Amino acid sequence: MICCLWRTRSISISVLNLNLSRIQNLCVKALEEQESNLDFINNLKNTTLKAINLTKKKVINLEKQLKNKEEAERWKQLGDSLLAVSYKGWNKGMKEILVDDWNKFDENGNPIKISVTLNPEKNIHENAQECFKQSKKVYNAIEKVIPLLTETKNDFLILQNNEKILSDIYSQMVLKSISIVSQEMKQQLFQIQSQLRQKGFLFDPKNKEKFQSKKKILKKNMEKM
């Protein structure tokens with residue numbers, strides 16, 4: 001009887017030890033999974049913060065380019081002023097000439113004179129056309145900037161929202177000690193990852209050439225800022 005009790009107790013202890021070992025392994029596995037998930041989320045968040053910084057600088061740069069509208073208008077005004085100059089006031093080979101600035105007037109109501117640099121190999125009319133060409137060139141550049149600025153601002157708002165989502169998920173996992181990411185969280189994380197890859201902020205193993213191309217573009221944009 002005693003022998004049977006001893007064997008039963010030994011078996012119970014063995015089962016208990018086995019269960020404890022399994023529990024410990026499950027705990028370790030859960031901690032490792034949580035750490036892995038937190039690292040993944042943290043990497044996404046850091047990449048998103050860098051993307052926010054780059055996109056913000058791009059927005060500022062594009063907004064500066066929009067201010068070139070004043071430059072375009074100035075070139076047109078110079079062209080108009082040159083066309084108003086009489087050929088009597090111009091001599092072949094002149095490098096500059098005084099013209100009326102119809103946007104600024106003196107105390108007597110007369111337009112202020114401004115100096116315009118000329119191409120000495122061209123006449124007044126040809127120099128005026130050069131001013132108009134330069135004005136059109138700047139206007140055309142501005143037209144390309146407007147939709148790009150709209151798109152970049154939209155990207156900036158999406159990145160800010162993604163950063164908030166990542167912070168919330170990270171906080172939930174840490175405060176509530178969650179090791180398993182819910183299906184909803186997974187969808188959000190993979191969507192953010194996909195967006196970062198699409199915009200060239202995150203390496204895409206399926207499209208290395210496209211990633212490298214976008215990376216070069218981002219680098220060039222940063223050099224211009």
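A residue is called buried when its relative accessible area is under 20%. The views below are taken from a predicted model.

View 1. Ser167 has its place in helix 3, which comprises residues 124-175. Because its relative accessible area is 16%, Ser167 is buried. The side chain of Ser167 is joined to that of Lys45 by a polar contact of 3.2 Å.

**View 2. The two faces of helix 4.** Helix 4 spans residues 183-198 and contains 16 residues. From first C-alpha to last, helix 4 reaches 22 Å, close to the 22 Å expected at 1.5 Å a residue. Met185, Leu189, Ile192, Gln193 and Leu196 are its buried residues named here. They lie on the same side of helix 4, because they cover an arc of only 100° around the axis. In an α-helix, residues three or four places apart point the same way, because there are 3.6 residues a turn. On the other side of helix 4, Gln183, Glu184, Gln187 and Phe190 are exposed. Just after helix 4, Gly200 adopts a positive phi of about 85°.

**View 3. Met185 and its surroundings.** Met185 belongs to helix 4 and is buried, with a relative accessible area of 8%. Leaving aside residues up to four places away in sequence, Met185 touches Ile169 and Gln172. The C-alpha atoms of Met185 and Ile169 are 7.3 Å apart in space, while the two residues are 16 residues apart in sequence.

**View 4. The hairpin of strand 1 and strand 2.** Strand 1 (residues 96-105) pairs with strand 2 (residues 111-117) in the antiparallel sense, over seven bridges. Leu98 has Ser115 of strand 2 as its bridge partner. Five residues lie between the strands of this hairpin, in which Gly109 takes a positive phi near 85°.

**View 5. The salt bridge between Lys113 and Asp100.** Lys113 and Asp100 form a salt bridge, with their closest N and O atoms 2.8 Å apart. This pair links distant parts of the chain, since Lys113 lies in strand 2 and Asp100 in strand 1, 13 residues apart. Lys113 counts as exposed, at 52% relative accessibility, whereas Asp100 is partly exposed, with a relative accessible area of 22%.

**View 6. Lys199 with Glu151 and Asp155.** Glu151 forms a salt bridge with Lys199, in which the closest N and O atoms are 3.3 Å apart. Glu151 lies in helix 3 and Lys199 in the loop between helix 4 and helix 5 (208-224), so this pair ties together parts that are 48 residues apart in sequence. Lys199 also meets Asp155 in a salt bridge, at 3.3 Å from N to O. Because Asp155 lies in helix 3 and Lys199 in the loop between helix 4 and helix 5, this second pair ties together parts 44 residues apart in sequence. Glu151 counts as partly exposed at 41% relative accessibility, and Lys199 is likewise partly exposed, with a relative accessible area of 32%. Asp155, in contrast, counts as buried at 16% relative accessibility.

**View 7. The network of Lys122, Glu130 and Lys133.** Salt bridges link Lys122, Glu130 and Lys133 in a network. Side chains of opposite charge can pair when their charged atoms come close. A search of the whole structure finds 10 salt bridges.

Terms used:
Residues are numbered from 1 along each chain as its sequence is written. This is a predicted model: local features need pLDDT of at least 70, side-chain atom pairs count only at pLDDT 80 or more; totals for chains, interfaces and linings use all residues. Side-chain values use heavy atoms; hydrogens and water are left out. Helices (H or I, at least four residues) and strands (E, at least two) are DSSP runs, numbered from the N terminus. The expected span of a helix is 1.5 Å times one less than its number of residues. Buried means under 20% relative accessible area, exposed over 50%, partly exposed in between (1.4 Å probe, protein chains only). The arc is that of the directions from the helix axis to the C-beta atoms. Two strands pair if DSSP finds at least two bridges between them. Contact means heavy atoms within 4.5 Å. A polar contact is a pair of N or O atoms within 3.5 Å; within protein, one must be able to donate a hydrogen and the other to accept it, and residues adjacent in sequence count only if both atoms are side-chain atoms. A salt bridge is a side-chain nitrogen of Lys or Arg within 4 Å of a carboxyl oxygen of Asp or Glu.
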